[in-house]
Protein chains: 2
Amino acid sequence: MSVTGPAGFIASGIACGIKPSGDPDLALVASTHGPVPVAAVFTTNRAAAAPVQLSRRHLESTQGLARGVILNSGCANAATGAQGLLASQETCRVLADAIGGTEEEVLVCSTGLIGIPLEMERITSHIDALVSSAGSSRDDARRAATAILTTDTHAKEVLIEADGFVVGGMAKGAGMIAPNMATMLVVLTTDAKVSPAQLGAALRSGVRDTFNELIVDGCTSTNDTVVILASGAAGEVDPVKFESAVTLACTKLALLLAEDAEGTTRVASIHVTGAASIADAKRAGRQVALSLLVKTSLFGSDPYWGRIVSELGASGAEFDIDRVSVAYGGVVVCKNGIEVDHDVASVSDHMRLQHVRVTCDLGLGSAEATILTTDLGHGYIDENMRTS
Amino acid sequence: MSVTGPAGFIASGIACGIKPSGDPDLALVASTHGPVPVAAVFTTNRAAAAPVQLSRRHLESTQGLARGVILNSGCANAATGAQGLLASQETCRVLADAIGGTEEEVLVCSTGLIGIPLEMERITSHIDALVSSAGSSRDDARRAATAILTTDTHAKEVLIEADGFVVGGMAKGAGMIAPNMATMLVVLTTDAKVSPAQLGAALRSGVRDTFNELIVDGCTSTNDTVVILASGAAGEVDPVKFESAVTLACTKLALLLAEDAEGTTRVASIHVTGAASIADAKRAGRQVALSLLVKTSLFGSDPYWGRIVSELGASGAEFDIDRVSVAYGGVVVCKNGIEVDHDVASVSDHMRLQHVRVTCDLGLGSAEATILTTDLGHGYIDENMRTS
């Protein structure tokens with residue numbers, strides 16, 4: 001059900017002709033009861049695409065109310081100048097005409113190639129079809145989740161059933177998923193009755209330890225956006241349980257993104273323990289997670305712990321090589337900075353799994369953090385070496 | 001001639017059995033006239049290898065005087081604990097016995113796999129052979145330059161003939177060459193008569209815009225070291241000319257390292273102009289140079305300028321997309337943030353060259369910087385996916 005799981009939402013996904021393949025490339029998630037509380041987190045990239053610029057403006061002008069989100073894939077509408085902004089504006093205006101309300105009550109997302117003009121008419125001429133085909137079935141949600149994909153190999157949906165309310169979501173990712181998001185679009189919906197401010201707080205908290213701690217290639221995109229809409233249909237909810245449910249939805253989607261990252265064969269969680277501070281734990285974990293050498297070793301199923309130690313030392317986190325330990329799948333291979341006798345066969349088996357666990361204990365304090373990363377292999381090169 | 005080009009130096013390179021292949025793996029560069037001024041720049045990695053820790057100590061204790069540098073390849077002697085430090089100490093002690101002077105007058109470098117114990121006896125038992133085979137011929141220098149290689153495909157040497165003095169040098173690199181050096185060993189020699197302080201200033205200046213602006217994979221190694229020794233045989237020199245000659249030697253070696261980086265098929269210079277400050281120009285250039293997506297595009301000869309703009313925007317440098325231009329080989333493809341008509345065939349031809357030039361004009365100020373980077377292709381994955 002994903003985004004149509006919570007009462008009060010309809011979704012739709014169709015092909016409007018942006019993708020040369022003819023695959024679905026236009027999606028809608030909309031409220032069935034007028035404007036509802038909304039919150040969003042956007043890319044920090046200063047080359048933010050037109051849809052990001054416009055959605056930020058809309059959120060501000062409505063102070064957190066929206067009727068829906070329209071998303072296209074196949075073109076990022078980034079680095080497209082004034083014409084690009086106009087295209088996003090026109091998209092919102094035409095959708096508002098179709099579903100009622102003002103254009104400020106519409107958010108817009110785009111994903112795909114950067115620097116290519118968005119053929120606005122393809123979208124605007126299909127908005128009637130998009131709206132008229134929207135519904136609240138599982139299939140409608142799946143059509144929306146499919147229409148936002150780029151190099152993803154499958155739709156990514158989640159539905160969290162919580163204490164008297166639900167949180168649904170869809171995501172697209174594939175490449176460029178750096179800390180602080182990247183080439184990632186996520187739409188979450190919930191039937192919880194929460195204010196825009198509560199919604200924003202829960203979303204920022206949910207994003208922090210999930211999408212922001214997932215690294216594919218360290219690139220930060222022009223377009224990434226996470227939006228959450230709350231219909232209120234389920235009534236008031238416990239704020240702590242609400243935040244947990246949003247975080248869980250983000251966690252599950254982040255894992256789906258990692259597993260389906262461009263050319264990925266393996267996902268690794270880098271768990272840093274014993275750091276002097278949480279900031280240090282994250283810094284150390286990110287340095288390891290971003291390392292091309294570590295990622296290439298993961299691809300080769302090679303437990304080369306020396307590279308892990310080198311990255312920890314290079315991270316800028318407080319570090320004493322004589323206290324550091326490294327374990328793969330719980331088997332300690334390096335202790336106090338040097339190799340220790342260990343079960344080589346067991347490590348070797350672990351390195352071949354689809355999910356590898358690397359634990360780095362800095363031996364300095366009690367702070368910890370977990371960063372999710374992917375391996376780097378030939379598939380990534382093949383996916384990205386040419387855009388056409 | 002490289003390191004034996006300047007009068008007052010001998011060099012040598014032999015096989016001592018660290019490399020399982022039996023290839024040369026032990027090198028010496030030594031003064032023929034006792035202790036001479038020396039300066040060095042080391043890795044900033046907090047997991048610095050034993051030879052780095054010891055060489056730092058020696059430099060400090062002699063206040064910048066040395067008789068020679070001994071280098072081994074095949075084992076980094078990093079993450080090797082107290083035993084590793086002992087191995088480096090013993091190496092220096094035995095060499096000092098052989099060439100005269102104190103062990104503090106010897107610097108030591110290692111490169112190769114991290115976390116593997118250094119078999120000290122292989123080195124110490126070969127020091128007599130190393131010293132007795134040292135000479136000042138072109139071939140002796142080449143033997144030293146060869147014995148420090150790891151995954152490099154060929155020896156890297158340079159000789160700069162300046163105004164009344166010369167600067168020679170040898171380098172090994174291959175992978176992990178990040179800004180602020182990495183898995184790079186360089187020994188420079190000169191016959192200029194300069195103090196340790198002058199030598200240090202010239203070296204830091206030379207390294208700053210060369211090795212520190214070369215990016216292969218963004219990893220910073222445990223072992224990188226650049227050493228310069230000055231025999232004084234040529235007498236006093238002009239300090240400005242001296243600094244220029246050292247910088248030129250570093251520039252040439254940095255280019256050789258880039259060209260021979262692991263699995264590289266192409267080198268690109270990322271020239272950032274119009275930045276608000278030099279720090280911004282470097283920040284923007286490094287972000288582009290480090291980007292897996294940009295590097296993968298370079299491998300595919302794909303002029304995907306959108307990725308360049310995205311990285312500039314993500315770099316943290318002051319940025320206004322409406323002012324940014326991107327050119328490949330001097331052909332502007334993006335102006336004021338959007339694509340402009342350009343000679344597609346000419347860009348396409350340029351992208352197939354071994355040296356690609358990318359110019360990013362931020363349109364904000366007059367500061368500029370150039371970063372050297374390499375492409376990322378299948379060769380890098382193959383080289384690094386497994387250590388054995």
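1. Let's start at strand E11 (residues 225–236) of chain B, where Thr225(B) is the bridge partner of Phe42(B). This is a predicted model, in which local features need pLDDT of at least 70 and side-chain atom pairs count only at pLDDT 80 or more, while totals for chains, interfaces and linings use all residues. Residues are numbered from 1 along each chain as its sequence is written, and chains are lettered from A and ligands numbered from 1 in the order in which they are written. Helices (H or I, at least four residues) and strands (E, at least two) are DSSP runs, numbered from the N terminus.

2. Strand E3 (residues 36–42) of chain B has two pairings to look at. E3(B) and E11(B) run antiparallel, joined over 5 bridges; two strands pair if DSSP finds at least two bridges between them. E3(B) also pairs in the antiparallel sense with strand E4 (residues 65–66) of chain B, over 2 bridges, and there Val36(B) has Ala66(B) as its bridge partner. How many of the residues of E3(B) are buried? The count is 7 of 7, and the strand is mostly covered. Here a residue is buried if 20 or more other C-beta atoms lie within 10 Å of its own, exposed if 12 or fewer, and partly exposed in between, with C-beta atoms placed from the backbone.

3. Next comes an open sheet in chain B. Its 4 strands follow the order E1-E2-E5-E6, with mixed pairing. The edges are strand E1 (9–14) and strand E6 (106–111) of chain B, each of which pairs on one side only. From one strand to the next, the twist averages 10°. E1(B) and strand E2 (residues 26–31) of chain B are antiparallel partners over 6 bridges, and in this pairing Ala11(B) stands opposite Val29(B) of E2(B).

4. Two helices accompany this sheet. Helix H2 (residues 81–99) of chain B packs on the sheet and touches E2, strand E5 (68–73) and E6 of chain B, with its direction at about 130° to that of E6(B). Helix H5 (residues 138–147) of chain B lies across E1, E2 and E5 of chain B and runs at about 50° to E1(B). For these angles, axes are lines fitted to C-alpha atoms, for helices over the stretch in contact, and angles run from 0 to 180 degrees between N-to-C directions. Contact means that the C-beta atoms of two residues, placed from the backbone, lie within 7 Å.

5. Among the buried residues are Asp140(B), Arg143(B) and Thr146(B). The cover over the buried residues of H5(B) includes E1, E2, E5, strand E7 (156–161) and strand E8 (166–172) of chain B.

6. How are the two chains related?

7. On to the interface. The contact takes 50 residues from chain B and 50 residues from chain A. Helix H9 (292–299), helix H10 (305–314), strand E15 (338–339) and helix H12 (378–384) of chain B each supply at least two residues of the side that touches chain A. The largest share, 9 residues, comes from H10(B). Because 100% of the interface residues of chain B are also interface residues in chain A, the copies meet through the same surface.

8. Finally, chain A as a whole. It has 12 helices and 17 strands. Its radius of gyration is 22 Å, close to the 21 Å that the globule rule gives for 388 residues, so chain A is as compact as a globular protein of that length. That radius is taken over C-alpha atoms, and the rule is 2.2 Å times the number of residues to the power 0.38. Buried residues make up 64% of the 388 residues. The domain assignment, which is automatic or from a database, gives domain 1 (2–259) and domain 2 (267–384) of chain A, with 33 Å between their centres, taken over C-alpha atoms.
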